[in-house]
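This report covers salt bridges, surface patches and strand pairing in the structure shown below.

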Amino acid sequence: MASEYSTTDYINHHLTNAVMCTTENGIAFNKACKDAGFWAWHVDTLAWSIGLGVLFLWIFTSAAKKATTGVPTKGQAFIELVVDFVNQNVRDTFHGKSAIIAPLSLTIFVWVLLMNLMDLVPVDILPTIAGLIGSTFFGMDPHDVYMKAVPTTDLNLTFALAIGVFFLILYYSIKMKGVSGFMKELTLQPFNHPAFIPVNFILESVTLLARPVSLALRLFGNLYASELIFILIATLGFFQLPLHFPWAVFHILVLPLQAFIFMMLTIVYLSLACEDH
Amino acid sequence: MNINATLIGQLIAFAVFVWFCMKHVWPPLLGAIEERQKKIADGLEASEKAEKDLEEAQAQVAEQLKDAKAQAAEIIDQAKKRASQIVDEETQRGHAEREKIIAQGNAEIEAERNRAKEELRKQVSALAVAGAEKILAREIDEKAQADIVAKLVEEL
């Protein structure tokens with residue numbers, strides 16, 4: 001590592017998103033966007049997550065088109081295994097009738113899993129390629145080309161997922177209980193007395209809001225931490241060995257588990273929203 | 001790591017993905033799975049039914065075989081009985097025939113004997129009359145002595 005490029009810089013470089021924004025001089029990138037405020041876009045997060053989402057839909061749609069009721073091919077059997085697994089979990093937990101919960105769960109599970117699996121791509125490969133492309137074709141400083149390839153380490157993405165789920169929680173709460181029923185649930189629990197309405201409201205609102213926040217922060221925290229450890233490991237040893245290997249093996253467990261937890265909690269929250277007390 | 005417009009983009013992407021999954025991915029896949037499950041269930045049921053049918057058929061066959069065997073045994077039994085009966089009857093009939101023939105023969109013999117006796121008696125009487133004629137050597141009115149001759153014949 002060059003002297004002007006320290007380990008801290010290396011880590012920071014890996015943990016910075018590629019940003020795009022519009023300024024007075026037109027479209028600007030990265031450091032030029034420091035003052036862009038809210039209207040800045042993490043193009044790497046967007047590109048990778050949408051790319052992986054399209055990959056997921058492409059794989060599953062092509063399987064769905066070729067789906068036969070006869071003897072399935074191996075690919076179809078695998079896709080059906082995933083679908084059946086999600087369906088089983090939805091049925092075990094969610095007892096109402098809903099056309100959206102099962103496909104929502106499938107989307108969350110597979111999409112989050114695919115994004116999490118980006119964590120297993122060695123941390124230097126994609127930023128290096130991006131830096132080479134940036135410096136070769138656009139004449140940029142490679143240290144100013146950012147590429148954070150794991151979309152779930154971006155709070156924007158995890159919060160987007162959680163807010164989507166939160167909207168559905170609100171929608172189902174109001175659809176199942178009506179506006180008045182939902183308000184009653186917020187104000188008359190756990191202490192069913194008019195005098196406790198403000199206390200109840202504060203308690204229940206915190207409970208309600210804690211759900212999407214915990215969903216988003218859990219996924220973000222786990223993935224950000226594991227990515228950070230990968231980056232730290234990358235600064236040690238000989239070509240990241242031997243520490244990289246056990247940590248990656250460990251993540252074969254952690255990454256699907258996080259995707260599964262996100263899906264399960266979504267189902268649980270929605271089934272809670274649909275239940276009358 | 002700050003919240004920015006990416007959030008909105010991701011939210012839209014998420015909604016579109018879920019919508020697409022709901023429209024084009026989930027229903028055909030789950031439909032195929034459920035239809036196959038139904039097919040398999042039907043197949044299992046059919047095979048179970050076939051097995052039961054087979055068992056029933058086998059039981060029926062066994063029953064019919066038993067019946068047929070019993071019937072055959074009965075027929076053989078009857079035939080044997082009938083045969084012995086026929087033999088008995090024929091024997092009896094033979095006996096009766098024999099008896100009848102013997103009796104007939106006996107009666108014929110008896111009649112023949114009686115006839116011969118009669119003839120003999122007549123001839124003896126004629127002979128006796130002739131003898132007497134010769135012995136007396138004289139004309140005897142046959143008619144006057146007829147009663148004596150008849151008496152003689154009666155005594156023979």
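## A salt bridge between the chains

A:Arg91 and B:Glu34 form a salt bridge, with their closest N and O atoms 3.6 Å apart. A salt bridge here is a side-chain nitrogen of Lys or Arg within 4 Å of a carboxyl oxygen of Asp or Glu. The pair crosses between chains: A:Arg91 belongs to helix α3 (residues 74-93) of chain A, and B:Glu34 to helix α1 of chain B. Helices are DSSP runs of H or I with at least four residues, strands are runs of E with at least two, and both are numbered from the N terminus. A:Arg91 counts as partly exposed because its relative accessibility is 47%, and B:Glu34 counts as partly exposed at 38%. The classes are buried for under 20% relative accessible area, exposed for over 50% and partly exposed in between, with a 1.4 Å probe and protein chains only.

## Basis of the model

The model is predicted: local features need pLDDT of at least 70, side-chain atom pairs count only at pLDDT 80 or more, and totals for chains, interfaces and linings use all residues. Residues are numbered from 1 along each chain as its sequence is written, chains are lettered from A and ligands numbered from 1 in the order in which they are written, and side-chain values use heavy atoms, leaving out hydrogens and water.

## Salt bridges within helix α1 of chain B

Over all chains, the count comes to ten salt bridges. One of them links B:Asp53 to B:Lys49, with the closest N and O atoms 3.9 Å apart. Both residues lie in helix α1 of chain B, four residues apart, or about one turn of the helix. B:Asp53 is partly exposed, with a relative accessible area of 37%, whereas B:Lys49 is exposed at 54%.

B:Arg113 pairs with B:Glu110, the closest N and O atoms being 3.3 Å apart. These two also lie in helix α1 of chain B, three residues apart, about one turn of the helix. B:Arg113 is partly exposed at 45% relative accessible area, and B:Glu110 is partly exposed at 37%.

## Surface patches

A patch of negative charge on the surface gathers B:Glu45, B:Glu48, B:Glu51, B:Glu55 and B:Glu56. Patches are made of residues with over 30% relative accessible area and no salt bridge; like charges are joined within 9 Å, and nonpolar side chains (Val, Leu, Ile, Met, Phe, Trp, Tyr) within 5 Å. Lys and Arg count as positive and Asp and Glu as negative, without His and the chain ends; the place of a charge is NZ of Lys, CZ of Arg, CG of Asp or CD of Glu. B:Glu48 lies in helix α1 (residues 6-136) of chain B and counts as exposed because its relative accessibility is 58%.

A nonpolar surface patch takes in A:Phe38, A:Trp39, B:Ile3, B:Ile8, B:Ile12 and B:Val16, with about 540 Å² of accessible area together. Accessible areas come from the Shrake-Rupley method with a 1.4 Å probe, and for residues only the protein chains shown count as cover. B:Ile12 is placed in helix α1 of chain B.

## Strands of chain A

Strand β1 (residues 19-23) of chain A runs antiparallel to strand β3 (residues 40-42) of chain A, joined by three bridges. β1(A) also pairs with strand β2 (residues 26-29) of chain A, in the antiparallel sense over four bridges. Two strands pair if DSSP finds at least two bridges between them. β1(A) and β2(A) form a hairpin with two residues between them.

A:Met20 stands opposite A:Trp41 in β3(A), and its bridge partner in β2(A) is A:Phe29.
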